[in-house]
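Subject: Structure handover and findings

Hello,

Here is the structure for you to look over. My notes come after it.

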Amino acid sequence: MPIVPDEKDWTWVLSRPCPECNFHASTATPATVPGSIESLIPRWLAVLRRPDAAERPDGQTWSALEYACHVRDVFTLFNQRLNLMLAEDGARFADWDQDRTALEKDYANADPSEVGPELAAEGHEAAESFAGVPEEDWGRKGLRSNGSEFTVLTLSQYFLHDVVHHLHDVDG
């Protein structure tokens, strides 16, 4: 059974805590994101070592492995978006269909022993990029294809919520 696409606009997490994972976006900044990522990577690697990592809990929910593949790709995507915002004034982000990506990259049949090192490498790279952002650049803007505007600060908050929330999804 295919997964039902998540079509929610999650930008609301920038204005209030997430009731599901208890993430408070207001506590994250580009300066705190690197340490958060580095502390989350070992937890994601532990998830991938579970014997049931590739099993879906039900017909409508990704497996822990699929979530890990998604988070790996989120690290890559947000690293690219951050660097675009730092390089271009008023950067515009191409649309990203996470559900199509999951099918095209065959998340469900990925090898956890390969996904772990990939997730870690992409996470470390994203952490390095956020670590290099000077505070005077936190207000630089970017625009998502659906019209949602981000600053480097709010991009870091939105991004980190995704990583934390999905860890909650697989730990919960």
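Below is what was found, grouped by topic.

First, the ground rules. This is a predicted model, where local features need pLDDT of at least 70, side-chain atom pairs count only at pLDDT 80 or more, and totals for chains, interfaces and linings use all residues. Residues are numbered from 1 along each chain as its sequence is written, and side-chain values use heavy atoms, with hydrogens and water left out.

Helices and core

Helices are DSSP runs of H or I with at least four residues, numbered from the N terminus. Helix H2 covers residues 64-87. It has 24 residues and reaches 34 Å from its first C-alpha to its last, close to the 34 Å expected at 1.5 Å a residue. The expected span is 1.5 Å times one less than the number of residues. In H2, 18 of the 24 residues are buried. Buried means under 20% relative accessible area, exposed over 50%, partly exposed in between (1.4 Å probe, protein chains only).

A nonpolar core is a set of buried Ala, Val, Leu, Ile, Met, Phe, Trp, Tyr and Cys residues joined through side-chain atoms within 4.5 Å. The largest one here has 48 residues. Ile37, Trp44, Phe75, Phe159 and Val163 have the most contacts inside it. Helix H1 (33-48), H2, H4 and H5 each supply at least two residues of this core. H2 gives the largest share, 12 residues.

Contact means heavy atoms within 4.5 Å. Leaving out residues up to four places away in sequence, Val163 touches Leu40, Trp44, Val71, Val74 and Phe75.

Aromatic pairs

Rings of Phe, Tyr and Trp (its six-membered ring) pair if their centres lie within 6.5 Å; planes under 30 degrees apart count as stacked, over 60 as edge-to-face and the rest as tilted. The count comes to 7 aromatic pairs. Trp62 and Tyr67 are edge-to-face, at 5.4 Å centre to centre with 75° between the planes. Trp62 is buried at 8% relative accessibility, and Tyr67 is buried at 12%.

Phe130 and Phe159 are stacked, because their ring centres are 5.3 Å apart and their planes are at 10°. Phe130 lies in helix H4 (residues 112-131) and Phe159 in helix H5, so the pair ties together parts that are 29 residues apart in sequence. Phe130 is buried at 1%, and Phe159 is buried at 0%.

One aromatic cluster is formed by Phe75, Phe78, Phe130, Phe150, Tyr158 and Phe159. Arg81 lies over the face of Phe78, at 5.8 Å from the ring centre. The rule for that is NZ of Lys or CZ of Arg within 6 Å of the ring centre and within 35 degrees of the ring normal.

Two residues of H5

His161 is in helix H5 (residues 152-171). It is buried at 4% relative accessibility. Beyond its neighbours within four places in sequence, His161 is in contact with Trp10, Val13, Cys18, Cys21 and Phe23.

Val152 is also in H5, and it is buried at 0%. Its contacts, not counting residues up to four places away in sequence, include Pro30, Leu82, Met85 and Trp138.

Backbone

Most residues other than glycine have a negative phi. Asn22 has a positive phi of about 65°. It is found in the segment before H1 and is exposed at 56%. Asp106 has a positive phi of about 50°. It sits in the loop between helix H3 (98-104) and H4, partly exposed at 36%.

Best wishes
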